[in-house]
Amino acid sequence: MLSKEDNELLTRVSAGTPMGELLRRFWMPALLEKELPSPDCDPVRLKLLGEDLVAFRDTNGRVGVLDAYCPHRLANLYFGRNEECGIRCVYHGWKFDVEGNCVDMPSEPEGERLKKNIKTTAYPAEIRGGVVWVYMGPKEKQPVLPDLEWAYLPERQRTATKRMQMCNWAQAVEGGIDSSHISFLHGATEAQHKRAADQGVVGRNRFNATDRHPVFDVKEVPYGLAIAARRNAEADNYYWRITQFLLPFHQMIPPVVPERDSSNAPYSGHAWVPIDDETTWTWTFSAHPKRDFTDQEREFNGGPEGMWGPIDENFMPKHNAANDYLLDRKLQRELTFTGIKGIPNQDAAVQESMGRIVPRWKEHVGTSDTAIVRWRSLMLRLARELQGGKDPDAAKHGEWYNVRSCANMLKRDEDWQEGCRWLTTGGQIPAAAAE
Amino acid sequence: MLSKEDNELLTRVSAGTPMGELLRRFWMPALLEKELPSPDCDPVRLKLLGEDLVAFRDTNGRVGVLDAYCPHRLANLYFGRNEECGIRCVYHGWKFDVEGNCVDMPSEPEGERLKKNIKTTAYPAEIRGGVVWVYMGPKEKQPVLPDLEWAYLPERQRTATKRMQMCNWAQAVEGGIDSSHISFLHGATEAQHKRAADQGVVGRNRFNATDRHPVFDVKEVPYGLAIAARRNAEADNYYWRITQFLLPFHQMIPPVVPERDSSNAPYSGHAWVPIDDETTWTWTFSAHPKRDFTDQEREFNGGPEGMWGPIDENFMPKHNAANDYLLDRKLQRELTFTGIKGIPNQDAAVQESMGRIVPRWKEHVGTSDTAIVRWRSLMLRLARELQGGKDPDAAKHGEWYNVRSCANMLKRDEDWQEGCRWLTTGGQIPAAAAE
Amino acid sequence: MLSKEDNELLTRVSAGTPMGELLRRFWMPALLEKELPSPDCDPVRLKLLGEDLVAFRDTNGRVGVLDAYCPHRLANLYFGRNEECGIRCVYHGWKFDVEGNCVDMPSEPEGERLKKNIKTTAYPAEIRGGVVWVYMGPKEKQPVLPDLEWAYLPERQRTATKRMQMCNWAQAVEGGIDSSHISFLHGATEAQHKRAADQGVVGRNRFNATDRHPVFDVKEVPYGLAIAARRNAEADNYYWRITQFLLPFHQMIPPVVPERDSSNAPYSGHAWVPIDDETTWTWTFSAHPKRDFTDQEREFNGGPEGMWGPIDENFMPKHNAANDYLLDRKLQRELTFTGIKGIPNQDAAVQESMGRIVPRWKEHVGTSDTAIVRWRSLMLRLARELQGGKDPDAAKHGEWYNVRSCANMLKRDEDWQEGCRWLTTGGQIPAAAAE
């Protein structure tokens, strides 16, 4: 439960809002690299934090991310020509390079002289891990990119995909760090659980199903939150799942199976990037730290018909509010808790069903919502601190992001931070790449 | 003509508005019984008086009407599971019974203890006459259901149907109690009248056509208004049509043919139930007090392609603003006054054409609008009285609703209230049913 | 660049706004005559300056333009019956003539007496040049129609067509008087220019291409602005194009080829008529002062698939924002500056891409925008003068509109106003017609 005022503060992201300014201190995933596949390719529309932008790749392969509206008469540069090292407005031919400099002003007799006075908003952009990253904050505060392990891996060892979500970013983040809902939203029916047990089938995530009210322990860490969920396992054991939240909107999903050595296992994570106050890009990154993904794994992790789809060519989910997420009541009665197919579609159904911006002052949160409560406090505190002049530390320390999430089976008297240290110390960025 | 302030007061229906509070003191038709056909059937979305709701039928056949948003984290219960005596949210599994009690909270370690503190908004619901009725007012003011005769009749003697109307409820009510417009909106062309007369055809409603400016006499009655429209008939006779308005939004259509004994004749009536300020459910109830409807009559009175249609499977009219109600200008020139087929489509065309909320301060009402003027006064007075602490009497006296409307041919010097008494004293609720 | 306040003043057109009141002093193109083809034809919906209207043609062929909403209960007269010399509301049968008089009130017993008290808003309408013109200003200020030459020509010598544009009227006007953008938005690519030159092809508008930063000279004239754009031509010559702007929203396109005697040449012009603050009718008028258009010329100038299309049967452009104006990036790379086919579609793409009302305070205008800057000043001044009580002179002098635009090749030391006088003195209205 949040006051109306805090809910506004948490959810509004346009320029000048406290949360919007906080988010602008961090690099953000903006486009898939393949949306700008080659030098001088077609320009692409882009909207982030409520700002209309245009992205292009210049003749030298550099990425430009500019205010969509030409500073001359505000025609949209999306219709522009991506020419020799710059994008040219089709209305009167003004041309801008990736840094926002006006490099040609052919409509003006004194254009050569005047163009020096014109500069448009240009945001720094970098490509890493198959993703175009953008920084929309103050120039003098520009940090390094976060050292997310997957982004350093060779192309065949990682995938990235995105889908549009029709709600505020905070709603999406809260779903992503909510270890409690997986026992329900993504679960099978009781009947199906029983049927499986009768047949001797043991689910990979059986503890999620058998202990549906985990005990939470949430630690603030330099880069965000480590969210530990403890479930009862056999005998003297607890099954621990540690979800990583990395400021300001990244998450890493714990592996389902605790027994395995995480450095051998593929993993996935999300980022929820605000398009505007009421729309969000839900990114999914997957990686195998040790080996190439097979074609089938690539399609499953990153393809439009895979695990995080189905989506259309504009990254819009095919199961959406307009078709009730293809809710199948028979399926819901007999097999799965929701009757909706696909984990991201189940998430979208509940998160979007709350309305574009959920009125958090009507909630009744419990202990299972500990992570969400802590996350809100953290974000509100950082936003207020920035208003007061204190920059967010994590934005300045990309090296803090070199971690993984963790699932482990520990003795009941073991400390989870000790027991999971070998995992949460994290990813292993290839020395060469991290230079 | 109404002031802007009174127009606001008349039309706004959300919680806390004076009219919204008045309407909440009455039982309202909410769903067709067949939308909740059996115990544990699929939940149904419902919106009334601006409130998002979910309806379900539990294992014992009881109907639950709850706030659509789960009090935990506000996911929509429409996606919920209708399980053993309750609906369960698919996000974290909280479950509610028809009274709004939280009966299971599986995501919380202390759920058994905590669930007692959680209660969601639940509105009492009853099934009568093939319709689910809902009461959305204060618990301590909950009245009995209104004794509308049709609702007590055996299933084969009655029908109920509904269609969505894209305007404010008051606009719809005003069309329904407006005995004047039938000579025009629902009439034939002059040419067609003449052609029929030339051929010796005498219309069943010939007085509506020949005397198009009835004289009105409107009496306030305990349950609402009795609206008498007098038209000249042959010789010394007046043709009287008495439309009943029953608080807060019910109407009974007078029979077309005056000579018949009303207790032998089928009749119809409407209710206009606000979905929100700009959308309305137009209900139509038909009944034969003496005998079963034939299949053809059932289809005509209550079917999707019948008299009150055509509508699609979501009760949306197929002739609507998007297709100009299939206005046929040739038909309009030659045969009917509007060129639009179907009485409800003619009504919708004019009522929706005024805009979602008609600016009544621009009107120029005449004596033919007497019923409308009186209705507005009545509603505004009752809303203001309730603000002042005085409950509406009619809500407390369901027995007052056991009436019928009336059409009669009377001598010119007869008093219509005397002459129509035997009709307006009303319906005959089967003694057993009314217990 | 304009202040936010001036931008509001320039763009808002509803009744009571300063610009709205200024525009209401002028006759406006409202409908194509063929939309009201004959006496007693079907009524037509119409929206101008934010006002919902209905237009009809009565039994005597007179055009009525009335407030869309019947003054009785505000049903839309579009659904009305166009009967013997008046339009009749289908709700209760009130009937109005082209002057807004209530000529029948059949629903009222005292209708004959009461109808004299009822009058609805009616705007004077005239047909000239195949177009229905409407005057929406104060009765006592009603001027004569503007003497636009094309409107006096015989039907076979002129065409008129319109298309809807999804932006504010001022944005559209500014595109129409912007002689600078034609070198870019409507031009070929450099590569294509070069290819043509290599092949010895000389474009008709080669100076627009070779000198892309014309020098502007803008003169205020009694009827508006004469906008001269000077481009370098061969040897000692300048190529001058004089675009006419005629108050409040008319424009005349200069001929492309300067050498020809303008009185032998066909020409075109536009008018941008506000539907409301965010939507505009873009009219195009074409004429040949000397001879009939061929069928092919008629289709090219005025047909739905011609130069100013393609449009559908409701005058909606088929290339529009929803389909990105059928932008073809390959075409854009290889042949044309935009990759969008059709001059009006190119114009619409950039003008609509700025948003419905462009925030002019973010612009950076240059000398090539001189005409636009002057136009804004003129319009703002006239609007403010009218607020102060001073009527716009041009509205009272229809005879001032009898002009043409001009393109001419002059010696570099010649004065363009002298050199173009024989053209800008204008059109030649047939003596008989102008009576």
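**Close-up 1. The salt bridge of R12(B) and D277(B) in the predicted model.** The two side chains meet at 3.1 Å, N to O. R12(B) lies in the loop between α1 (4-11) and α2 (18-23) of chain B. D277(B) lies in the loop between β17 (267-276) and β18 (279-287) of chain B. The pair therefore ties together parts that are 265 residues apart in sequence. R12(B) is partly exposed, at 26% relative accessible area. D277(B) is buried, at 17%.

**Close-up 2. Salt bridge between E33(A) and R57(A).** The closest N and O atoms are 4.0 Å apart. This pair links distant parts of the chain, 24 residues apart. E33(A) sits in the loop between β1 (28-32) and β2 (44-48) of chain A, and R57(A) in strand β3 (residues 51-57) of chain A. E33(A) counts as partly exposed because its relative accessibility is 27%. R57(A), at 12%, counts as buried.

**Close-up 3. Further charged pairs in chain A.** E112(A) and K115(A) join their side chains in a salt bridge, 2.9 Å from N to O. K115(A) is buried, with 15% relative accessible area. A network of salt bridges links R81(A), E83(A), R88(A) and D104(A). Over all chains, the whole structure holds 97 salt bridges.

**Close-up 4. The contact of chain C with chain A.** Chain C supplies 39 residues and chain A supplies 26 residues. About 2,700 Å² is buried between the two chains, and carbon and sulfur atoms give 54% of that area. On the chain C side, R329(C), F337(C) and H364(C) lose the most area to chain A. Together they account for 22% of what that side buries.

**Close-up 5. Polar and charged links across the interface of chain C and chain A.** Four salt bridges cross this interface. D369(C) and R73(A) meet in a salt bridge through their side chains, at 3.0 Å, N to O. There are also 20 residue pairs in polar contact. On the side of chain C that touches chain A, the elements giving two or more residues are α5 (169-176), α9 (329-334), α10 (343-353) and α11 (370-387) of chain C. α10(C) gives the most, with four residues. The residues of this side divide into 15 nonpolar, 14 polar and ten charged.

**Close-up 6. The rotation axis relating chain C and chain A.** Chain C superposes on chain A by a rotation of 120° with 0.0 Å of shift along the axis (RMSD 0.0 Å). That is the relation of a three-fold axis. Which residue of chain C comes closest to the rotation axis? A322(C) does, with its C-alpha at 11 Å.

Terms used: Residues are numbered from 1 along each chain as its sequence is written. Chains are lettered from A and ligands numbered from 1 in the order in which they are written. This is a predicted model: local features need pLDDT of at least 70, side-chain atom pairs count only at pLDDT 80 or more; totals for chains, interfaces and linings use all residues. Side-chain values use heavy atoms; hydrogens and water are left out. Contact means heavy atoms within 4.5 Å. Buried area is the accessible area (1.4 Å probe) that two parts lose on being put together, summed over both. A polar contact is a pair of N or O atoms within 3.5 Å; within protein, one must be able to donate a hydrogen and the other to accept it, and residues adjacent in sequence count only if both atoms are side-chain atoms. Ala, Val, Leu, Ile, Met, Phe, Trp, Tyr, Cys and Pro count as nonpolar, Asp, Glu, Lys and Arg as charged, and the others, Gly among them, as polar. Copies are superposed by least squares on the C-alpha atoms of residues with pLDDT of at least 70 in both. Buried means under 20% relative accessible area, exposed over 50%, partly exposed in between (1.4 Å probe, protein chains only).
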